[in-house]
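My notes from an afternoon with this one.

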Amino acid sequence: MSTPASKLPVFPVSIRSQRITLSPTAAVVMAADQLRAQGIEVIDLGVGEPDFPTPEHIKDAAKEALDRNLTKYTSTSGIMPLRKAICDSINQQFGSDYAVENCCVVVGGKQGIFNAIMGLINPGDEVLLEKACWVSFPGIVKFAEGEIVWLDTESTDFHLTAELVQAAITPKSKLLIINSPSNPTGRVIAPEEFRNIVQVATDRGLWVISDECYLQFVYPPHQPFSAAALPADLRSRVLIVGSLSKTYAMTGWRVGYTLGPKEWVSEVLKVQSQSATHTASIAQHAAVVALTSSQKAVQTMLAEYQRRADWFIPALNAIPGITCSQPEGAFYAFPNIKALMQHCGFASSKEVEQELLYKYGVVVTDGAAFGAEGYLRLSFANSLSALQAAIERIQQMVADRS
Ligand SMILES: Cc1ncc(COP(=O)(O)O)c(C=O)c1O
């Protein structure tokens, strides 16, 4: 006999957990999976990951680690060769002097950001976030019971400026999170502005997380720029969060890192030691090879993303009601679709996302999920033929509703 519904216990969700929702990008992925399970063919421009396989030499390193039985717990902060490889690669590229004590390997960049926020933010502390920004920044801040102060960058075409940061700082401000290249906007903060932003924030006593997960995917004439290139006094309040996920097409391996002041890195480590412990030993050994061997595969992927963007962005702009800037980095198009919504009778960008998903089989992410209603995020880390098919389906949707 089954228990009547009225007798089933109600799960007492914690207040902290009630403050967050399932990541909106994860929700779209799940909806697409359900359609696939019903045999419906979908074009997935929703997921934020390279469509390339992990390069062979990195996979070989993981196989070798398995064969050598490197399958036990590692140090919580990561194996020493990996911490050293991370410091070396950033120091060589940006002239910094990070030592292994400044480095903690984390379970992907997301875990690094989570740990860093948990180690810094008290209930009521203000955290300055760009609007639009990656969905997990506000989610994690809310989980830590911080208060979000939005830096609205829509009027500057999603360029973050030191003036915007300056104007938003209050005595309660504790943390600024920057993300260049940005997911979802594709914006890259120019070196001078980057420096001014960090200067303004740290002069007023804030701490800064610089999320550099897309650091190596920057399109000319822009150049990769890391907080590591800032003078040491400015860097003393900055935690860099990096990741191998996008750079080496290793999203599933879960390898990221934090680099910064020892005191902050120790807190990252402490949170990790009481939660995930460390990233998988095999993945760590493969990550050493990724960082210390030829970077040719990264350059090949970058060139391919550039080629796709060069076709995709003009194709989006050719659709009536869509205006899309050329991305400066990362692999997302972030078009303004407000005119399309008006023309086609959509009340929200969520409605457009749902229509494209359920009627035309195209997975995109609603801009409102990133704080920008009236926009969509479309990943071009996808084959040119998939991008072409997606454009045809979007054109079809517009034609059907005209
Ligand atoms: C801006 C940004 N930061 C961090 C991450 C986290 O990536 P991972 O945890 O795979 O390193 C992502 C992933 O989409 C991202 O877009």
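First, the rule I worked with: I call it a salt bridge when a side-chain nitrogen of Lys or Arg lies within 4 Å of a carboxyl oxygen of Asp or Glu. By that rule I get 20 salt bridges in the structure. I keep in mind that this is a predicted model.

**Entry 1, the domains.** I looked up the domain assignment, and it gives domain 1 as 10-53 + 297-400 and domain 2 as 56-292. For the contact between them I find 34 residues from domain 1 and 36 residues from domain 2. I then checked the spacing: the C-alpha centres of domain 1 and domain 2 are 25 Å apart.

**Entry 2, the interface area.** Domain 1 and domain 2 bury about 3,100 Å² between them, and carbon and sulfur atoms give 60% of that. Which residues of domain 1 lose the most area to domain 2? I get Arg19, Glu328 and Phe370, together 24% of what that side buries.

Across the interface of domain 1 and domain 2 I have 16 residue pairs in polar contact, with both residues at pLDDT 80 or more. Helices H1 (15-18), H2 (24-37) and H12 (296-317) each supply at least two residues of the domain 1 side that touches domain 2. H12 has the largest share of that side, with 5 residues. Sorting the domain 1 side that touches domain 2 by type, I get 19 nonpolar, 9 polar and 6 charged residues.

My count of salt bridges between domain 1 and domain 2 is 3. I also looked at the Arg187 and Glu328 side chains, which meet in a salt bridge at 3.2 Å, N to O. The two side chains are listed as a polar contact too, again at 3.2 Å. I placed Arg187 in the loop between strand E5 (173-179) and helix H8 (191-203). Is Arg187 buried or exposed? Its relative accessible area is 9%, so I put Arg187 down as buried, the cut-off being under 20%. Leaving out residues up to four places away in sequence, Arg187 touches a list of residues that includes Asp157, Phe158, His159, Ser325 and Gln326.

Asp51, Glu304, Arg307 and Arg308 are linked in a network of salt bridges, and I went through the pairs.

- Arg308 and Asp51 meet at 3.0 Å, N to O. Arg308 lies in helix H12 and Asp51 in the loop between strand E1 (43-44) and helix H3 (56-67), so this pair ties together parts that are 257 residues apart in sequence.
- Arg307 and Glu304 meet at 3.0 Å, N to O. Both lie in H12, 3 residues apart, about one turn of the helix.
- Arg308 and Glu304 meet at 3.1 Å, N to O. They are 4 residues apart in H12, again about one helical turn.

The spacing makes sense to me, because residues three or four places apart in an α-helix point the same way. On accessibility, Arg308 is buried at 3%, while Asp51 is partly exposed at 35% and Arg307 is partly exposed at 46%.

Notes:
Residues are numbered from 1 along each chain as its sequence is written. This is a predicted model: local features need pLDDT of at least 70, side-chain atom pairs count only at pLDDT 80 or more; totals for chains, interfaces and linings use all residues. Side-chain values use heavy atoms; hydrogens and water are left out. Domain bounds come from an automatic or database domain assignment. Contact means heavy atoms within 4.5 Å. Buried area is the accessible area (1.4 Å probe) that two parts lose on being put together, summed over both. A polar contact is a pair of N or O atoms within 3.5 Å; within protein, one must be able to donate a hydrogen and the other to accept it, and residues adjacent in sequence count only if both atoms are side-chain atoms. Ala, Val, Leu, Ile, Met, Phe, Trp, Tyr, Cys and Pro count as nonpolar, Asp, Glu, Lys and Arg as charged, and the others, Gly among them, as polar. Buried means under 20% relative accessible area, exposed over 50%, partly exposed in between (1.4 Å probe, protein chains only).
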